[in-house]
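Student: I'd like to learn how to read salt bridges and pockets in a model. Could you walk me through one?

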Amino acid sequence: RGLGDVYKRQKHLYQLIHQLDNVDKMYIMLWLDEKSYDEIAEIVGVGRNNVAIRIHRIKEKLKKMSNR
């Protein structure tokens, strides 16, 4: 796989993220920005477990969207 393939996959991922609702988009963008679950929890004002579950569900949603 060349750099072009990596670029295409990254572009596709961001196109999928753009389709998420704003709250899901916020969570996944913070995670992609390499924030820890604890940091995201502090930023958003929820518990760490809530962040972990939410990000897991968003990743699953993105996988399903990608397979369409």
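Student: In which helix do K63 and E60 lie, and how many residues apart are they?

Tutor: Happy to start there, keeping in mind that this is a predicted model. Side chains of opposite charge can pair when their charged atoms come close. Here, K63 and E60 both belong to helix α4 and sit three residues apart, about one turn of the helix. Their closest N and O atoms are 3.5 Å apart, forming a salt bridge.

Student: Is D24 buried or exposed?

Tutor: D24 counts as buried because its relative accessible area is 5%, under the 20% cut-off. R54, at 28%, is partly exposed.

Student: And what is the volume of the largest pocket?

Tutor: Rolling a probe the size of a water molecule over the atoms shows where empty space is left. In this case, the largest pocket has a volume of about 330 Å³. Of its 14 lining residues, R9, L13, L16, L62 and S66 are the closest to the centre. Helix α1 gives the most to that lining, with seven residues. By type, the lining of the largest pocket has eight nonpolar, three polar and three charged residues.

Note on methods:
Residues are numbered from 1 along each chain as its sequence is written. This is a predicted model: local features need pLDDT of at least 70, side-chain atom pairs count only at pLDDT 80 or more; totals for chains, interfaces and linings use all residues. Side-chain values use heavy atoms; hydrogens and water are left out. Buried means under 20% relative accessible area, exposed over 50%, partly exposed in between (1.4 Å probe, protein chains only). On a 1 Å grid over the protein atoms alone, a cavity is a set of points where a 1.4 Å probe fits but cannot get out, and a pocket is an open set with protein on both sides within 12 Å along at least five of seven lines; lining residues have an atom within 4 Å of a point. Grid points are joined across faces, edges and corners, and a volume is the space filled by probe spheres set on the points. Helices (H or I, at least four residues) and strands (E, at least two) are DSSP runs, numbered from the N terminus. Ala, Val, Leu, Ile, Met, Phe, Trp, Tyr, Cys and Pro count as nonpolar, Asp, Glu, Lys and Arg as charged, and the others, Gly among them, as polar. A salt bridge is a side-chain nitrogen of Lys or Arg within 4 Å of a carboxyl oxygen of Asp or Glu.
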